[in-house]
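Here's a quick briefing to read alongside the model.

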Amino acid sequence: MRLLYADHLLARLQFLRTGSLHQRLLNCMQAAIAEEVFPRGSRLPPTRDLARELGVSRNTVMHVYESLMAQGYVTARTGSGTWIAETLPENSLQSDAIADLQAVKAQRPATLSKRGASLLGHATASPYQWGAFVPGAPDVTEFPHKLFSQIQARLNREPDVHRLVYSSGGGCPDLRHALVDYLRVARSVRADADQILITEGVHQAVDLVTRVLCDPGDRVWMEEPGYWGTRNLLRMNGLKIRAMPVDEQGLVPDSGPAPKMVFVTPSHQYPLGVHLSLARRQALLTLARRHQSWIVEDDYDSEFRFSGQPHPSLQGLEADAPVIYMGTFSKTLYPALRIGYMVVPKPLAQPLRIAAAELYRGGHLLI
């Protein structure tokens with residue numbers, strides 16, 4: 001097995017071109033210890049092993065260890081090797097090695113692309129992702145972690161080889177078939193398993209459909225106010241976003257230029273919570289069919305309600321509706337799971353499945 005310490009030193013040695021090999025290796029090790037890349041109190045590799053991995057003589061490594069010991073960076077323990085000191089010498093942070101490597105880092109360009117700068121300029125993700133009044137965050141302390149771990153352990157004992165490789169079939173077949181049964185009953189979704197693609201959440205789903213079905217400059221409609229994550233993805237993919245007002249019946253369509261896509265949260269509008277009325281749903285479906293547009297239905301928070309009957313999905317309102325339905329397990333299980341799903345019209349299933357495999361190399365099959 002290769003030594004991680006050796007890999008780090010080989011990478012750093014590339015940036016130090018002057019001086020003897022002994023001095024350059026000493027400088028790299030001083031810097032790694034001072035920066036705690038090599039943790040204090042940890043054991044250094046035996047000189048023979050490190051010399052073999054670095055491709056240098058053992059004598060060179062031994063002399064470096066002796067220099068580190070003389071300077072107070074390491075200590076020798078009889079019979080157990082060389083260990084990094086718990087307390088470093090006072091001048092360690094001002095060593096030439098640190099200065100040289102910091103100078104190399106300072107020379108690295110940090111220029112962002114225009115769209116990269118735009119993304120950072122509009123970044124709105126909160127550093128607080130869990131707690132009271134944080135939208136979209138379940139009480140993760142209530143998740144049955146013990147049971148989940150037992151199921152994982154059982155599946156991991158003798159895993160199917162097909163669950164250990166990249167996924168190009170749209171995700172785990174068992175999960176896709178289970179979703180068909182669940183969505184048909186709970187959300188009135190019309191689909192079969194071939195129409196379902198497993199994603200790493202709604203963000204990836206939005207990125208996939210906009211990349212494959214839109215060109216830069218295409219018009220899209222989005223609710224205002226609406227989900228910040230969707231807006232940033234649309235902006236990054238070069239789409240012209242038209243902010244559509246929301247009233248007590250949901251998104252308000254108009255007779256302006258037809259969009260390529262309409263992004264809506266019809267069952268529970270984010271963040272206002274209103275329900276898209278039947279008349280508005282029918283108007284959006286009519287518009288999409290007339291102009292060959294796509295409606296992207298983010299079924300945000302549909303699993304939870306305080307009273308009344310559940311609102312069926314927009315996707316299931318008509319047969320072969322021009323709707324791409326998106327959901328996630330972030331709120332019913334936990335957000336870090338990073339598993340979501342799309343239900344797509346049959347003509348889009350194969351193209352999106354291929355595109356997802358090309359762009360994202362799907363996985364998480366055991367989970």
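This is a predicted model: local features need pLDDT of at least 70, side-chain atom pairs count only at pLDDT 80 or more; totals for chains, interfaces and linings use all residues.

**Aromatic pairs**
- Tyr-5 and Phe-38 make a stacked pair, with 4.0 Å from centre to centre and 15° between the planes.
- That pair ties together distant parts of the chain, since its two members are 33 residues apart. Tyr-5 is in helix H1 (residues 4-13), while Phe-38 sits in the loop between helix H2 (21-34) and helix H3 (47-54).
- Tyr-5 counts as buried because its relative accessible area is 16%, under the 20% cut-off. Phe-38 is buried too, at 1%.
- How accessible is Tyr-227? Its relative accessibility is 21%, so it counts as partly exposed. Trp-228 is partly exposed as well, with a relative accessible area of 27%.
- Follow the ring pairs from there and you get a cluster made up of Tyr-227, Trp-228, Tyr-270 and Tyr-300.

**Charges over rings**
- Arg-77 has its charged end over the ring of Trp-83, 4.2 Å from the ring's centre.
- Arg-361 is placed over the face of Tyr-166, and here the distance to the ring centre is 4.3 Å.

- Leu-112, Leu-119 and Leu-120 together make a nonpolar surface patch of about 280 Å².
- Leu-119 belongs to helix H6 (residues 114-121). With a relative accessible area of 34%, Leu-119 is partly exposed.

- Which residues of helix H10 (residues 228-236) are buried? They are Gly-229, Thr-230, Asn-232, Leu-233 and Leu-234.
- In general, an α-helix has 3.6 residues a turn, so residues three or four places apart point the same way.
- The cover over the buried residues of H10 includes H6 and helix H9 (202-213). Strands contribute as well, among them S4 (219-224), S5 (240-247) and S7 (261-264).
- After H10 comes Gly-238, which has a positive phi, near 75°.

Technical notes: Residues are numbered from 1 along each chain as its sequence is written. Side-chain values use heavy atoms; hydrogens and water are left out. Rings of Phe, Tyr and Trp (its six-membered ring) pair if their centres lie within 6.5 Å; planes under 30 degrees apart count as stacked, over 60 as edge-to-face and the rest as tilted. Helices (H or I, at least four residues) and strands (E, at least two) are DSSP runs, numbered from the N terminus. Buried means under 20% relative accessible area, exposed over 50%, partly exposed in between (1.4 Å probe, protein chains only). A charge sits over a ring if NZ of Lys or CZ of Arg is within 6 Å of the ring centre and within 35 degrees of the ring normal. Patches are made of residues with over 30% relative accessible area and no salt bridge: like charges are joined within 9 Å, nonpolar side chains (Val, Leu, Ile, Met, Phe, Trp, Tyr) within 5 Å. Accessible areas come from the Shrake-Rupley method with a 1.4 Å probe; for residues, only the protein chains shown count as cover. A salt bridge is a side-chain nitrogen of Lys or Arg within 4 Å of a carboxyl oxygen of Asp or Glu. Contact means heavy atoms within 4.5 Å.
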